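Welcome, and thanks for taking a look at this one with us. Please open the sequence and the model side by side, and then walk through the points below.

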Amino acid sequence: MDKLLQAEEALQNAKKKINNRYRLGYHIMAPANWINDPNGLVQYKGEYHVFYQHHPYDENWGPMHWGHVKSKDLVHWEHLPIALAPTEDYEKDGCFSGSAVDHNGILTLIYTGNIFIDQEKDILDQSQCIATSNDGIHFTKEIANPVITRHPEEGSGHFRDPKVWKHGDYWYMVLGTRKGDIGKAVLYKSIDLRKWEYLGVLAESDGTLGYMWECPDFFELDGKYVLLFSPQGIEAKGDLYNNLFQTGYLVGEYNYETNEFVHGAFIELDNGHDFYAVQTFLDNKGRRISIGWMDMWESNMPSKEDGWCGALTLPRELKLGEDNKILMNPVEELTLLRETERTVCKNHILSSVYFVEIKEDLLELRVEFDLAKTSAEAVGLKICGINQEKTTIMYQKENKKLVLDCSKSGKEEDGIRSTMLKSDQLLSLRVFIDRSSIEIFANDGEVSMTSRIYPKEERLGVELFLENGEAQVIDFTYWVLKDIWR
């Protein structure tokens, strides 16, 4: 308890010193200092809870604690006291990522206790632990921790990020591990969340899918089974796998009796710069909702200069589309952010640049092009600063690519991401802009692109543009969004 109080006091002191220039208006952030992976996404006693990896003493990564927010509507979030601090020998170097379940009215956190054997050589000893709460705020660690003391023979000391769910009478837990340079997801089951039986390897790399699989999640979606995970060590291939680490998924059929998972190829879930360590949960409306870390390891993070670093993505609903591709869209509750609406144009023939002055920081844009009636080689929009800054979203008709260019909005190096979006009929873009982030959802979630941006100029407006020809704009509407933290 002393360590929790110390951490909370340090956090409140740090909060007084932060610079707000890049602070987000409607995303989950810590009050100050560092955050990374979302943890423990759960609906408990009618409220949504999100925990996150947190270092309350510094704007850089350090001994991990669990930060905590809750919400009644997935939009308006309230900070709660830090939930977990590393207090025991089995977690002396951090309470690493994990998940949460409602176990007969008791909110139960399942997390990784981390010990560095040799941090410089990346040698770890990791175990799985439990903490419980009756009020959803104050947590007690199990006397019997760790409940899984050691990795299986198929794994190694890199053995972390438990995701737990219930199927029938049993609880199941999937974890990420590695053996040599082969990343894996391994599976356990339990009747009581305390005694766990090892079932074996659920899936593993064929040599091309990375040396370590972090943050695995396994769930049923529209009749198929999905293994969602964050592999480290995949080599870039054209427009694919351009970030240091990825998040993606395998879709297939699963048999609980034989632990056999027959699946297709790995698919990246988001094609922007800053999207990692995604976790999902099933809410009481039957929706599979995901939230990810909206940053990337070893990337430029200017907000560290301001006394904070890291944020989480908007909550997104997952559905399965054609060819076993996951469609990802903002949850419907996010319309609660809308304060004012303006329809700029409808059924407009665009033959030159169309500019609209918009100075607000927090925006949602909806732009739709009729590609069948568009002769232009490329169409798109630019979010412009008052001088040279801009963030560009462009669709290239011939090669069917959606391009996000942040090179003039804080990502001078490696600022461009591209992905395939095959459409000859419609280009529908839904874009959320916060002070230092952009999230793009194209054609009802067929493609998403998430990136942090760090503009230095004030906002001037939004420009629709095209290259060589004309374009049919079906609709351009925008909303000014509220700042939930103000």
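Is C95 buried or exposed? C95 has a relative accessible area of 0%, so C95 is buried (buried means under 20% relative accessible area, exposed over 50% and partly exposed in between, with a 1.4 Å probe and protein chains only).

Before going on, please note that this is a predicted model, in which local features need pLDDT of at least 70 and side-chain atom pairs count only at pLDDT 80 or more, while totals for chains, interfaces and linings use all residues. Residues are numbered from 1 along each chain as its sequence is written, and side-chain values use heavy atoms, leaving out hydrogens and water.

**Cysteines**

- There are zero disulfides in the structure (a disulfide is a pair of cysteine sulfur atoms within 2.5 Å).
- For C95, the closest cysteine sulfur belongs to C129 and lies 7.6 Å away, which is too far for a bond.
- C215 has its closest cysteine sulfur in C95, at 15 Å, again too far for a bond.
- C215 is buried too, with a relative accessible area of 8%.

- Strand β13 covers residues 212–221, and nine of its 10 residues are buried, so the rest of the structure largely encloses β13 (helices, H or I of at least four residues, and strands, E of at least two, are DSSP runs numbered from the N terminus).
- β13 runs antiparallel to strand β14 (residues 224–232), and eight bridges join them (two strands pair if DSSP finds at least two bridges between them).
- Across this pairing, E214 stands opposite S230 in β14.
- Two residues separate β13 from β14 in the hairpin, and D222 in the turn has a positive phi of about 50°.
- As a reminder, side chains in a regular strand alternate between the two faces of the sheet.

**Aromatic rings**

- The model has 26 aromatic pairs (rings of Phe, Tyr and Trp, the last by its six-membered ring, pair if their centres lie within 6.5 Å; planes under 30 degrees apart count as stacked, over 60 as edge-to-face and the rest as tilted).
- F245 and Y276 have ring centres 6.0 Å apart and planes at 35°, so this pair is tilted.
- Because F245 lies in the loop between β14 and β15 (248–255) and Y276 in strand β18 (residues 276–282), the pair ties together parts that are 31 residues apart in sequence.
- Both partners are buried: F245 has 11% relative accessibility, and Y276 has 0%.
- One aromatic cluster is formed by W165, Y172, F218, Y225, Y254, Y256 and F261.

**Charges over rings**

- R23 has its charged end over the ring of W308, 4.8 Å from the ring centre (this needs NZ of Lys or CZ of Arg within 6 Å of the ring centre and within 35 degrees of the ring normal).
- R338 places its charged end over the ring of W479, 3.7 Å from the ring centre.

- N271 sits in the loop between β17 (267–268) and β18, and N271 is buried at a relative accessible area of 11%.
- Leaving aside neighbours within four places in sequence, N271 is in contact with R417, T419, S448 and M449 (contact means heavy atoms within 4.5 Å).
- V403 belongs to strand β28 (residues 401–408), and V403 is buried at 9% relative accessibility.
- Not counting residues up to four places away in sequence, V403 touches T392, I393, M394, Q396, I416, R417 and S418.
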